[in-house]
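Dear colleague,

Please find the structure below, followed by a summary of what was found in it.

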Amino acid sequence: MTKILDFDSALQHIGEFGRHQKKIYLLVNLICIPFSATMLIIVFVGAVPEWKCPSPTGPLSHCNSSHPGCCDKHGSLCPGAEYTSKFTSIATEWNLVCDSRYKTELTQSIFVAGHMFGGLIFGILSDKYGRRRPWLFVYFAGAILALMSSVVSYYEEFLVLRFAMGLLNGGGGLTTYVISTESIGPAYRATAGTWQHAFYNIGYVILALEAYLIRDWRTLTVISVLPYFILILFVNKIPESPRWLASQGRTREAETIMRKIEAENGYHNSDKIILKTETKHGVESSQYGTMDLFTHKSVFIITIIMMITWCMNSMVYYGLVLNVKNLEGSLYVNFALGSLIDLPSCAATQFLLSWLGRRQSLICLFIVGSMFCFLCMVFQSQGGQNVAAISTAAFGGRFCLSASFAVLYVYASELFPTVARSAGMGISSLSARIGGIIAPFIVLLGDHHIFLPMFVFACAALFAGVVGLRLHETKGKPLPETFEDLQ
């Protein structure tokens, strides 16, 4: 018997998350673990050292960029300075201290700027040329650029490479998500997408261990991406996305892959499945773009609020990640613990979404995250005497912001109507990248007053929570298809 089914219905027929999908999901995300290090390696590669300055009254020890007497009157490193920290970084390599201190944070902002454009460029390429080829290019080229960044001689060369790596990292994050979830059925897709962040956090924990053992920044850069060349041996086991093939009218190729999925999942149906590729809203959706999000009253407020909340969420989350250098205690331990804290946030997100819904979950996470940041600021302003309290408050804020990020992905996809959902998610993602560009410079405020970054993060999270009060709940409601449905 022949059955003509759309793609999701076909997956329900052959297994939504069987052995085949689990294998692809695991392989794709394992390959991204070493490559994820390029996102936050600047925490260690750009670590600012302490140094000694010669003085008539004896050498000044434990100098930093904000210490009086550690920089000359022109804002440069004092003559005859000697670095005392037990690591090397781009700051020790090119003397990025004193008035040049901002350059270490600039490298991360440049990376995020590249990330912003990468998502856009590779989103277009993956729609045109398939998921697999852009994904392979991104990870292979990204690993080569990371290796190149370990041998550069000048800061400007490093900056250019960080932008290019950000470009590929942004494309890699997008293509990894798509290729690992497109063949998963609707009942499991959201869960799989949420837990994908766990692989990145595992990569960050491994990075912290590598940085602890390897204190030379050039060697650390090389070691951090070497595992990628081992995992790349398994890419032949990853096929093209059958969903994309079907959307391009290449139904025979898609059906061949679907039959392999069916066999590997252990399903032996006698029915012959023919994929139906027509989409109900294909013509209607093509009539709308990004500008329609601002010209239709029904979606205008939603768009503005989503832009604000995504920007604030990204700014605070990545700010808290980078701000580990301003916490008391070991940089390596704090970074690893913060990454481990993110892991249970995936489970917390699923619980909150089913218990409180989208709106209340988002608002509560922002407000509680703001309270944690405020507590951390209070503890830091008291002289940093209670190291455990400072770290606990900082990690609590990061946990809430990590969970709210996952909520935003689900919430935004349900708020925007089908005819403009891709445009809405695109403008939201763009806003998040803007927040990521700003975050490193907020962290830089810690050189003047160590508690200032946490004050800014507390205010930003609180503002995002208050703004979110204007949104409506979407839990249990049908997805809006048109702008009129929102009314």
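Phenylalanine 300 has a relative accessible area of 32% and is therefore partly exposed (buried means under 20% relative accessible area, exposed over 50% and partly exposed in between, with a 1.4 Å probe and protein chains only). This is a predicted model, in which local features need pLDDT of at least 70 and side-chain atom pairs count only at pLDDT 80 or more, whereas totals for chains, interfaces and linings use all residues. Residues are numbered from 1 along each chain as its sequence is written, and side-chain values use heavy atoms, with hydrogens and water left out.

Aromatic rings

The structure holds 21 aromatic pairs; rings of Phe, Tyr and Trp (its six-membered ring) pair if their centres lie within 6.5 Å, and planes under 30 degrees apart count as stacked, over 60 as edge-to-face and the rest as tilted. One of the pairs is stacked: phenylalanine 44 and tyrosine 332, at 5.6 Å centre to centre with 5° between the planes. Phenylalanine 44 belongs to helix H3 (residues 42-45) and tyrosine 332 to helix H15 (residues 331-355), so this pair ties together parts that are 288 residues apart in sequence. Helices are DSSP runs (H or I, at least four residues), numbered from the N terminus. Phenylalanine 44 is buried at 6% relative accessible area, and tyrosine 332 is buried at 14%. The pair of phenylalanine 294 and phenylalanine 300 is edge-to-face, because the ring centres are 6.5 Å apart and the planes stand at 70°. Phenylalanine 294 is partly exposed, with 29% relative accessibility. One aromatic cluster consists of Phe44, Tyr204, Tyr212, Tyr332 and Phe335.

Glutamine 196

Glutamine 196 is part of helix H8 (residues 186-213) and is buried, at a relative accessible area of 4%. Its side chain makes a polar contact of 3.0 Å with that of asparagine 29 and another of 3.2 Å with that of serine 180. A polar contact is a pair of N or O atoms within 3.5 Å; within protein, one must be able to donate a hydrogen and the other to accept it, and residues adjacent in sequence count only if both atoms are side-chain atoms.

The loop between H4 and H5

Asparagine 95 lies in the loop between helix H4 (90-94) and helix H5 (102-129), and its phi is positive, near 55°, in a residue other than glycine. Cysteine 98 is also placed in the loop between H4 and H5. Cysteine 98 has a positive phi of about 55° although it is not a glycine. Asparagine 95 is partly exposed at 38% relative accessibility, whereas cysteine 98 is buried at 8%.

Yours sincerely

How values were computed
Helices (H or I, at least four residues) and strands (E, at least two) are DSSP runs, numbered from the N terminus.
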